[in-house]
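Here's a quick briefing on the model shown below. Have a look at the fold first, then read on.

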Amino acid sequence: MVREAVAAVGQIDRSHKPAFSGTAFSGSAMLSPLRRACVLITVAVIASLLSVAGEAQASPATDRPAPVVKVVSYRGYRFEVPRSWPVINLMAHPATCVRFDVHAVYLGEPGADQDCPAWLLGTTEAVLIEPGSASARRTSTENPEADDISVTAPRISLTATFDTRPAVVDRILASAGLPAPVLRSSQPVAESRAGAGGSAGAAQAASSSGTAGNALALPATGRVHFRWPFGVVPQPVLPSAVGNDVGLGFDTCAAPSTSVMAAWRSSSPYRAVGIYIGGADRSCYQQNLTPGWVRREAADGWRFIPLYAGPQASAGQLISPGRQGTAAAEDAVAQAEYLGFGPDTPLYYDMEAYPAWDGPSVLQFLSAWTREIHRLGYLSGVYSSSDSAVLALASVYHNPRYAIPDVIYDALWNGARNVSDPAYRPGEWPGERRLHQFSGNVLQTFGGDTMQIDQDYVDVGLTAAGGTVQAAPGVTAAGGSADLFYEGSDHALWEESRSSAGQWTRTDLGGYLTAEPTAVQLAGGALEVFYRGPAGYLWVQVRVGGHWQRPAELTQLGDLGSAPRAVAQPNGVIDVFWRGSHDDHLWQAQYSPGEGWAGPLNLHGNLASWPYPVETAAG
């Protein structure tokens, strides 16, 4: 109710404006109540408002809270919800924006093109109930970083958010006979990468599914907390180049449909899109934001600005900034992995405008965010107002006490399509490491499709060196050196190397080949050669620091019916293709740094020759 009472104050002002105006907050996000960790501080203040919110009211006779509810029936279930909450039929109103920043119950499947404002941020208690499979298992899980609950049961699927009162959602679930949530925070697959070294040849295949992990009791809720991998990482992952662009971009609350993206791709000047991949203050339901959507839009030429909207200083939510920054980074990487964004992709924390006295907590939080993002193999970005976190980070840019983000995303609504800001001093975020949100809450139409957006100018170029865009038995380096590989008459692997000075050398690398080799060059000078061995299995030989390691046999990928063909991305991801040994199908396996090998994957088809892959900029 606190959020509803102030939601009408105005839209969130994400421009160059102070977080406060006189004695009032400048936007609805600034007025959101504190999270569960703050309940002890604010419970005395907000308790008297709960009856107005429709959750409960005191009975004069018993002095005990008596529920003030109404019954909502949907697909055989009866939900008792607060009487004051509106119930919205999405079948009758498919363009409705499913907003989690206001109390409401949404019934049905959201439309593909929700009519959402661009300025939304923040969450409260709200419920979306959609049709589900008749054979669905009864499950109920809560992500404590995202402050959301996901439920499946026969015929329905439910998504709920909460702010400081998860018990409100718990009671709604219980009234319909649905299970109580189990606390599960997402553990990024990249966790294994953080302490992993070595190469594709030495790494073992990593599992990216399953549950297990450290169970720990949470006395406050009586629930059990599990850390688990967020989900199976899409294969193959996108290269970090999908986060690079120079030119106009836009961001909006809910990811647009594929048809709208296609219309804007062909008719608008924009080529980059900001998407909210997660966070406890992400307001809009993201029915379009799936791994398939991300891959389709990447293939269509779109570049991405992945945003994460977690705890906000302006709402008093930074209780333990270091711990919260680390936890937010872990969840952000897990969400990015699920959507298919690969290592070295920049992930941006959305820290809205805040009062000056919160500056030290914000710097501590964002420093922890950046350190953990880096530890997990991704790049750090921060979005904020020019006179808030942008100014604060610029002031400590050269202070070793703080971890500075790789990219800065500046909200300064001055209309200038550039990346300049008086907050920056010379040498801060140089060389394609800036974005500028120069205008907001703009209604635009392209190709017949209208959206409310914030406008951005993007100047980001963070692609790592390395990568091999097409299959070949040799590689070249920037200095003019070259390495060629072939199967000798003795069936061994031979290398012919040309130095940058033009001198040739020949080396017998041993092994036994039954087809010609393929080579890829990786960032940092590492080189990997793949070939089919005598039993038909894939072998890899790795050169690191000028020294060849012992060859490794990758028996887990099965036997090959042709010579392998390999390509590599700048972020170290390697894809290998071959024709099947017992069929004519195309087969593929992928190596991801720190995660190991995934596959083999049957891509079907009927090959009459050996395959020949190429790698596009979008992966």
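Let's start with a pair on one helix: Arg375 and Glu372 both lie in α9, three residues apart, about one turn of the helix. Helices here are DSSP runs of H or I with at least four residues, strands are runs of E with at least two, and both are numbered from the N terminus. This is a predicted model, so local features need pLDDT of at least 70 and side-chain atom pairs count only at pLDDT 80 or more, while totals for chains, interfaces and linings use all residues. Residues are numbered from 1 along each chain as its sequence is written, and side-chain values use heavy atoms, with hydrogens and water left out.

**Salt bridges**

- The side chains of Arg375 and Glu372 form a salt bridge, at 2.9 Å from N to O. The term means a side-chain nitrogen of Lys or Arg within 4 Å of a carboxyl oxygen of Asp or Glu, and by that rule the count comes to seven salt bridges.
- An α-helix has 3.6 residues a turn, so residues three or four places apart point the same way.
- Arg375 is partly exposed, at 36% relative accessible area, whereas Glu372 is buried at 7%. The cut-offs are under 20% relative accessible area for buried, over 50% for exposed, and partly exposed in between (1.4 Å probe, protein chains only).
- Glu516 and Arg565 also meet in a salt bridge, with N and O 3.1 Å apart. Glu516 sits in the loop between β27 (504-510) and β28 (518-521) and Arg565 in strand β33 (residues 565-568), so the pair ties together parts that are 49 residues apart in sequence.
- In that pair, Glu516 is partly exposed at 39% relative accessibility, while Arg565 is buried at 11%.
- Asp483, Glu495 and Arg543 belong to one network, joined by salt bridges that share partners.
- Arg165 forms a salt bridge with Glu125, the closest N and O atoms being 3.0 Å apart. It's a link between distant parts of the chain: Arg165 is in the loop between β12 (156-161) and α4 (166-175), and Glu125 is in the loop between β8 (105-107) and β9 (126-131), 40 residues apart.
- Both Arg165 and Glu125 are buried.

**The barrel**

- Eight strands close into a barrel, in the order β16-β17-β18-β19-β20-β21-β22-β23, with mixed pairing. Neighbouring strands of this sheet are turned by 35° against each other on average, direction ignored.
- Two strands pair if DSSP finds at least two bridges between them; β20 and β21 run parallel and are joined by five.
- Across that pairing, Ser384 stands opposite Asp410 in β21.
- Strand β23 (residues 449-460) is where you'll find Asp449, which is partly exposed at 23% relative accessibility.
- Asp449 and Val260 are 189 residues apart in sequence, yet 6.2 Å apart in space, C-alpha to C-alpha.
- Beyond its neighbours within four places in sequence, Asp449 is in contact (heavy atoms within 4.5 Å) with Ser259, Val260, Ala263, Trp264 and Gln444.

**Helices on the barrel strands**

- Helix α9 lies across β18 (303-308), β19 (346-350) and β20, running at about 155° to β20. Axes are lines fitted to C-alpha atoms, for helices over the stretch in contact, and angles run from 0 to 180 degrees between N-to-C directions.
- Helix α10 (residues 386-395) is mostly covered, with seven of its ten residues buried: Ser386, Ser388, Ala389, Val390, Ala392, Leu393 and Ala394.
- The cover over those buried residues of α10 includes α9 (359-375), β20 (379-385) and β21 (407-411).
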